[in-house]
Amino acid sequence: MNGGKAGGVAGSCKLAEDRGRQSGTMVDSQYVLPNDIGIATLDCAEAFQLLSTEERLYAHYLSRACWYGGLVVLLQTSPESPAIYTLISRLFRSQDPSQLGEVARAHGLSEEEYQAFLVYAAAVYANMGNYKSFGDTKFVPNLPKASSTWLEKGRWDGGGAGKSGTCSAEKLKRLVWESQAFKEHPKEMEGLWGSCGEQMFSLEPTQKHLGLCGEGLSTYFSANCSMEDAKLAQEFLDSENISAYNTRLFKTDVNGKASYEVRLASVLSDDSQLDEDMTAKMKCFEFQGHQFTVTRGDYSPLLERVVANLQKAQEHAANLTQEKMLAHYITSFTQGSIKAHKEGSRCWIQDKGPIVESYIGFIESYRDPYGSRGEFEGFVAVVNKAMSAKFARLVGAAERLLKELPWPRAFEKDSFLKPDFTSLDVLTFAGSGIPAGINIPNYDDIRQTDGFKNVSLGNVLAVGCSTQRDKLTFLAEEDKDLYIKWKGPSFEVQVGLHELLGHGSGKLFVQDDKGNCNFDREAVINPETGERVRISSRAEWRVKEMMGSQVLWHGRHPIISEEMLVILPSPRPLPLSPQIRSWYRGGETWDSKFSSVASSYEECRAECVGLYLCLNKEVLGIFDLEGEAAEDVIYINWLNMVRAGLLALEFYTPESRTWRQAHMQARFVILRVLLEAGGGAGVAETHHWCGRQARRCHLAGPRQDCGRGEASLGALPSQAAGGRGGRGPVGGLRGIALPPKPGHHVPTSQVLKSTADVSGGRALYEAYSAVTDDEPQHFLTLRDTVLLRKEARKLFVQANTRLEGQDVVLVQYDSSAAGLVKSFRDRFPKDAEVLEQHLLDLAHADAHYWGS
């Protein structure tokens, strides 16, 4: 899904260096977006036109609710995001991109500089803030900043226009001053620039990435909150059975004593209309010597519009289940009740096979540094019936396929609740980014008892997987054509397996408030690996020694049997007692227990399930793949994962030794596991790139021409990594892997997850997440090369819906930065100024928590 061109990135790099020398300031290419960034339109016109009038009205009002709620993300991202959004929106509401471009060129900005601003504006809209949704890195306008000619009181004399070395940031300021928006509202525009102009370009160390006190910035927490504060708050929330999903945490010192406000997102901001669920929560608590006050009303004016449009959507619901679902959502957003949202989610699961599919709320916790708070997200999509039929067949085979997974039956759900699994064409996806697939809801208790739904976003996959040969990095030349041909189909298979049988598998051991357990404490045994594995009688196997571990082989293919439990020797012995000694209690959840590692650990588990089961002939047949095509899809799926593990280094921050993106950390862990599992193939050669010496790395799959005597990067186990039909010992953070050395007891990632073994799970996962410069891979050195060759992720242009009489029409836009900007300009035609004022007021009210 990467959009930038390798050559273009190099050009952008050199250009930034040249501009930096002229202006006296170097802009780090990590924090800017290239002018040639890939931008794609999410086409849903055909699917939308097939909807009935009632279905189009239902989709329209749900989309409006999503777009209004998506503005919440600006307040969840950074203190300056609302002001930057408002500044950009007012510029382009007064003049469209072409008109503002004429002003820019007339007052000193080159074509390239104005395009850089357009790309920046488009990225702010696409990410709903000035931090990348994928990687949590700040991005700034690709215009180096100097300080030689800033003028007193923000006024512009125009004398420096066009002079060599004139600060590009000053040129951007001049564009604001010369714009129609400034002429119409000079004080407001000057105030907006004053509140965000500096922050727009600032790359102070603590502002480069999202994070907690001292390591980054997060508006989920006041600036003085540390990881210890986040942990204390989670313990409090668990003790009172309050979900963190729709909360933020603000810390103040009262007489030298820390006091905390837990603020819930809701329309209502006082306790005058509390329902039964909220009455016990909205008060002051003493906990471990600290005062916690639970309040509500966060994002109130925005959620009020969400509720209003959900109420309108109710009038066009297709059935009673949808009406009840929306009623619960309305209660949730009005009251601040996660309990009500859970009830709405139960209805959503029960709404089987809708033509218009949607989900909305505080959903994914990837961007919370602690891993518990959900970012607002809402989507509306239309079913793609042809692709959905394949996923329906995969659901039909799920119970058989689950038995293939290598953990004991006791660690799987008591019964598999067959979910809906549909391929959808996205009409609206509001939030900070758009995934390729989704498995929701994320509430553990609902997933255990009611099930879940799977969604594959077909039009996202279609444009995300499109790749041009000259844009491919880190692949052997002989693999590139095959990669281009089969990346889309292989990713389709991987997404299906990842969502349905990755996230959809495994059981959490839970003891409820009454002391009842959902597992037999006396009978369930904590498995040990290192004992002889029971082999299926359906085939004959042989055992082969490899790298100090035992690998089971069937013919030429390394395999993993049904009961083989995990990958790789643990970084430290983890002695286990036979009986289960830990589990989830009371209000504890997977996210609250495993906190900052939970999201990535779970993504790694799901990715491993996908890699493992993509080798299954029944799975490949479901996707109409057989013979050489099936072999190629397996090969490219594994090769793509290994390549992603190397590209993941872009999302690692050496200074803080932290990962900024859950999925990419997971893929690096898989790469580490494969490297440790056995021999590999790869190339590392020295060349010059962007004016400096660097290592150019190609990951080559285990094809016949691998190992041709060149310096090896050790990329992947030769046959194990999916080589043309190979059955691979993928490492497993979801319980898939090579057996360890005899005598070592290694719990699987699924066992660690099931039993709430936080210390064991963290030790295992963090060990494989470590990025060092140790031999033979030298990952820190390789990271420099990856950064030089990095490609920006594509931005997506989404359509708008518009009421015309009693029907709804679809309005689509060009796949360009200007097209993306226009789509947002048209998104709120009647109340844009009011919304922007709400955003500014909400941001200003809390600005003191971040010292601004």
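Biologist: Do strand β21 (residues 800-804) and strand β22 (residues 807-811) pair in the parallel or the antiparallel sense, and over how many bridges?

Modeller: Strands here are DSSP runs of E with at least two residues, and helices are runs of H or I with at least four, both numbered from the N terminus. Two strands pair if DSSP finds at least two bridges between them. β21 and β22 meet this in the antiparallel sense, over 5 bridges.

Biologist: What kind of model is this, and how are its residues numbered?

Modeller: The model is predicted, with pLDDT of at least 70 needed for local features and 80 or more for side-chain atom pairs, while totals for chains, interfaces and linings use all residues. Side-chain values use heavy atoms, without hydrogens and water, and residues are numbered along each chain as its sequence is written, from 1.

Biologist: Is helix α13 (residues 300-314) roughly parallel or roughly antiparallel to helix α14 (residues 320-335)?

Modeller: Axes are lines fitted to C-alpha atoms, for helices over the stretch in contact (heavy atoms within 4.5 Å), and angles run from 0 to 180 degrees between N-to-C directions. These two axes come within 10 Å and cross at roughly 165 degrees. Under 35 degrees counts as roughly parallel, over 145 as roughly antiparallel, 65 to 115 as roughly perpendicular and the rest as oblique. The pair is therefore roughly antiparallel.

Biologist: Which residues of α14 meet α13?

Modeller: On the α13 side the contacts come from L303, V306, V307, L310, Q311, A313 and Q314. Their counterparts in α14 are E323, L326, A327, Y329, I330, F333 and T334.

Biologist: How many disulfides are there?

Modeller: A disulfide is a pair of cysteine sulfur atoms within 2.5 Å. C604 is in none, as the nearest cysteine sulfur, that of C608, is 4.3 Å away. The count of disulfides is 0.

Biologist: Is C604 buried or exposed?

Modeller: Buried means under 20% relative accessible area, exposed over 50% and partly exposed in between (1.4 Å probe, protein chains only). C66 has 2% and is buried. With a value of 0%, C604 is buried.
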